[in-house]
Structures are given as C-alpha cells and as structure tokens.
Amino acid sequence: MNQHYTKKLCIKPFFTLNIVVIFFRVFMILFILLSCLFYAVNPVKAEHDDTEETTSKSKVAYITIDDGPSEYTEQFLDLFDKYNVKVTFFMLDGYMRQYPNIVKEVIKKGHSIGLHGVTHDARHVYASLENVINEMEKERITLQTITGIDTTLIRTPYGSKPFFEEGWKETIQDIGYQIWDWNIDSEDWVTQDERMVENVINDVKKLELKNEQPVILFHDTKATSEHIEAVIVYLLDQGYDIRSIDDSIPPFTW
C-alpha cells in the first residue's frame with residue numbers, strides 16, 4: 001500500500017469526527033435557545049400561581065347573621081354551601097334551645113357562632129354591666145351544652161353604641177370576650193326587599209375607597225334568605241374572600 005493512500009485513510013475518520021462534533025454543538029445551542037424561548041413564554045407557574053391566588057384573595061368580607069337560628073337558617077346554609085363561603089351567626093339563647101340541631105349543623109358546615117344574648121331587650125341588657133356579662137355567660141353555657149364547643153365572640157343587642165357606659169368595653173374585653181359590631185348595616189330589618197342588597201353594595205364601595213374590610217350585618221329572616229345571594233355574588237365578583245370570624249381576628253368595635 002502506498003503512502004499517499006494511507007494518508008487518505010487517516011484523514012477520512014478525522015474529518016467525520018469533526019462533523020459529528022460540530023453537529024452536536026449546533027444541536028446543544030439550538031436546544032438551549034428553544035428551552036429559553038419555552039420558559040420565557042411559559043414561566044414556571046408553581047410560585048406564580050400561589051402569588052396570584054394570594055393577591056386575588058387579599059380582599060376579605062365578613063357576613064354576619066343575627067337573631068337566629070330560625071326556620072330559615074337552613075336556607076342560608078344551602079346558599080353558603082352553593083358558593084363555598086363561610087359566615088358568622090350571632091345567635092340568641094332561646095332560639096339555640098329551640099333549634100339545637102340547626103346549631104350543630106352550623107358548626108358542622110364550618111361556620112362560626114357568636115353570642116348575641118338572652119333577652120334582646122335593650123332596657124334589660126344595658127341596665128348594668130353585670131346584666132351584659134350574665135347574658136353572655138348564660139348563652140355561652142347553652143352553646144357548650146348543645147355543641148361541646150366554646151366561643152368568646154359576642155355581639156350585644158343593637159350594637160355597643162350608644163349603650164355601653166364608660167369602662168364597659170374594657171371590662172368585657174378583660175374577661176376575655178371579643179366584641180363585634182359592624183360597619184355595614186344591610187337595613188334588612190327596615191327594607192325587606194332588594195334595597196337591602198343596594199345598601200350593602202353602596203357601602204362596600206365606600207369602604208373600598210378607605211381600604212376597609214366589610215363587616216356586614218344581616219338578620220336570620222325569610223326576606224334576607226331570599227336576597228342575600230345577590231350580595232354574595234357581588235362580593236365574589238369583586239374578588240372578595242367571604243370568611244367567618246374567629247378569635248384570631250382583631251374585632252371591629254365602635
């Protein structure tokens with residue numbers, strides 16, 4: 001075999017190897033470029049989605065239902081189930097005794113119960129600080145007897161003002177109770193039609209301008225059970241997370 005032919009045999013494998021190396025490098029460059037393009041268009045969503053969800057749920061509203069339970073409470077519960085929202089019922093002692101199974105159902109469905117007193121008679125309740133405390137203590141025992149749970153959430157009849165005298169609020173808080181008033185009155189005790197919805201929506205808009213969380217007062221009545229759905233839909237459409245109250249939340253008090 002001559003020398004010239006031997007050189008040809010050596011050059012051919014070397015040339016082929018270079019082509020493979022070049023092809024591999026081009027492939028890797030294209031792969032990296034395509035990967036960068038893919039993640040630019042489709043960023044990793046695990047953290048992004050969590051942040052987006054947190055932001056969308058940063059608006060909180062508290063719906064509160066007073067003076068129950070009643071024969072209409074189950075209609076409220078069905079609506080709250082439908083929209084997967086949680087609320088707070090400030091119940092009266094006598095109605096809790098009358099509808100113990102509904103009280104249990106409220107707890108079972110994950111809603112909160114607060115104390116609203118025994119007589120709902122302003123002249124009696126606010127005759128003395130002792131009367132206010134005694135009514136809450138009596139109802140607290142009723143709740144424990146029916147459900148086995150305890151609560152420190154209270155709403156005194158008609159709200160704390162103008163009935164509380166100087167020092168009452170501090171004394172009640174020192175005992176361990178959390179007093180909840182409201183910053184939106186649906187006035188469902190006055191208007192038993194769609195005007196209660198208009199009242200709430202108008203006040204929610206005003207509170208948004210002040211960046212305040214709505215604490216909305218409703219009552220456990222037939223008319224309210226028929227109109228509260230519109231309020232729920234509005235709040236959810238506006239991005240509100242409708243939550244129940246618990247003892248970890250600083251209470252809204254006048």
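Predicted model: local features only at pLDDT ≥ 70, side-chain atom pairs only at ≥ 80, totals over all residues.
Local features need pLDDT of at least 70 and side-chain atom pairs count only at pLDDT 80 or more, while totals for chains, interfaces and linings use all residues. Residues are numbered from 1 along each chain as its sequence is written, and side-chain values use heavy atoms, with hydrogens and water left out.

**Helix 3 and helix 10**
- The axes of helix 3 (residues 73-83) and helix 10 (residues 222-237) come within 10 Å and cross at roughly 20°.
- The two helices are therefore roughly parallel to each other (angles under 35 degrees).
- Q75, F76, L79, F80, K82 and Y83 of helix 3 meet T224, S225, I228, E229, I232, V233 and L236 of helix 10 (heavy atoms within 4.5 Å).
- By class, this contact has 8 nonpolar, 3 polar and 2 charged residues.

**Helix 7 and helix 8**
- Helix 7 (residues 129-147) packs against helix 8 (residues 168-175) at an angle of about 35°, and their axes are 11 Å apart.
- L129, V132 and I133 in helix 7 meet W168, T171, I172 and I175 in helix 8.
- The residues of this contact divide into 6 nonpolar, 1 polar and no charged.

**Largest pocket**
- The largest pocket has a volume of about 180 Å³ (a pocket is an open set of points on a 1 Å grid where a 1.4 Å probe fits, with protein on both sides within 12 Å along at least five of seven lines; lining residues have an atom within 4 Å of a point).
- Of its 14 lining residues, Y158, W182, W189, L217 and H219 are the closest to the centre.
- Strand 1 (59-68) and strand 7 (215-219) are the elements that give two or more residues to the lining.
- The lining comprises 5 nonpolar, 5 polar and 4 charged residues.

Methods:
Axes fitted to C-alpha atoms, helices over the stretch in contact; angles between N-to-C directions. Helix = DSSP H or I, 4+ residues; strand = E, 2+ residues; numbered from the N terminus. Parallel < 35°, antiparallel > 145°, perpendicular 65-115°, else oblique. Nonpolar A, V, L, I, M, F, W, Y, C, P; charged D, E, K, R; others polar. Points joined across faces, edges and corners; volume = space filled by probe spheres on them.
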